[in-house]
Amino acid sequence: MSAADSRAERLRPVRCGSLAVLALLVVACSPVDRAQVWARIGSSDAQLALASAYATGEGVRRDGREALRWYHEAAAQDRREAWAALARIYGEGELVEANPEAALGWYERLAETGGAEEQLDLARRLREGAGVQADASAALSWLERAAESGSVEAAHQAGMAHLRGAAEV
């Protein structure tokens, strides 16, 4: 038996035992406990589920700080659902004090990586000051991007804004 085979043979019970413990934990735990295990391992699906549970108090005590923690973990893995949740949370002051600058950053990220619908939504928010600081010039810019992405509604709104003057989007 080679040294590598001998080492592998010695580690087999440890690996199997560890897997058995993990399997037992996953089967015997509540859905929230399972989500915590998988979220800590790095599963963005589990991180989103855990964030939602803490945000709503479903299966756990409602905890805005923990919800934000797990939404940020999922957002770091480029999960658009987490970006949208963070935009909403910061924009509406849902779990924390409203933070229009942070909300704008998440809405911009959605719009930059999304399509006309997300771009049009950001333009509306900027025009109305919905969860973000109102900015007519930026709203017009996003309307034009949405129009370039194929939104007829955005093209119409941008054209009307140009007719009225850019200050009145």
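With which side chain does the side chain of Gln 157 make a polar contact? To find out in this predicted model, select Gln 157, which lies in helix H9, and display its side chain together with that of Arg 127: the two make a polar contact at 3.0 Å. If you then show the surroundings of Gln 157, leaving out residues up to four places away in sequence, you will find that Gln 157 touches Leu 120 and Leu 143 as well as Arg 127.

Next, select Gln 36, which is found in helix H2, spanning residues 31–41. Gln 36 counts as buried because its relative accessibility is 17%, and the cut-off for that class is under 20%. Its side chain is joined to the side chain of Tyr 54 by a polar contact of 2.8 Å. With residues up to four places away in sequence again set aside, Gln 36 touches Tyr 54 and also Leu 50.

Leu 50 leads on to the largest nonpolar core, which has 43 residues, and in which Leu 50, Tyr 71, Leu 86, Trp 106 and Tyr 107 touch the most other members. In soluble globular proteins, nonpolar side chains tend to be buried together.

Finish by selecting Tyr 107 and, apart from its neighbours within four places in sequence, displaying what is in contact with it: Ala 87, Arg 88, Asp 121, Leu 122, Arg 125 and Val 132.

Terms used
Residues are numbered from 1 along each chain as its sequence is written. This is a predicted model: local features need pLDDT of at least 70, side-chain atom pairs count only at pLDDT 80 or more; totals for chains, interfaces and linings use all residues. Side-chain values use heavy atoms; hydrogens and water are left out. Helices (H or I, at least four residues) and strands (E, at least two) are DSSP runs, numbered from the N terminus. Buried means under 20% relative accessible area, exposed over 50%, partly exposed in between (1.4 Å probe, protein chains only). A polar contact is a pair of N or O atoms within 3.5 Å; within protein, one must be able to donate a hydrogen and the other to accept it, and residues adjacent in sequence count only if both atoms are side-chain atoms. Contact means heavy atoms within 4.5 Å. A nonpolar core is a set of buried Ala, Val, Leu, Ile, Met, Phe, Trp, Tyr and Cys residues joined through side-chain atoms within 4.5 Å.
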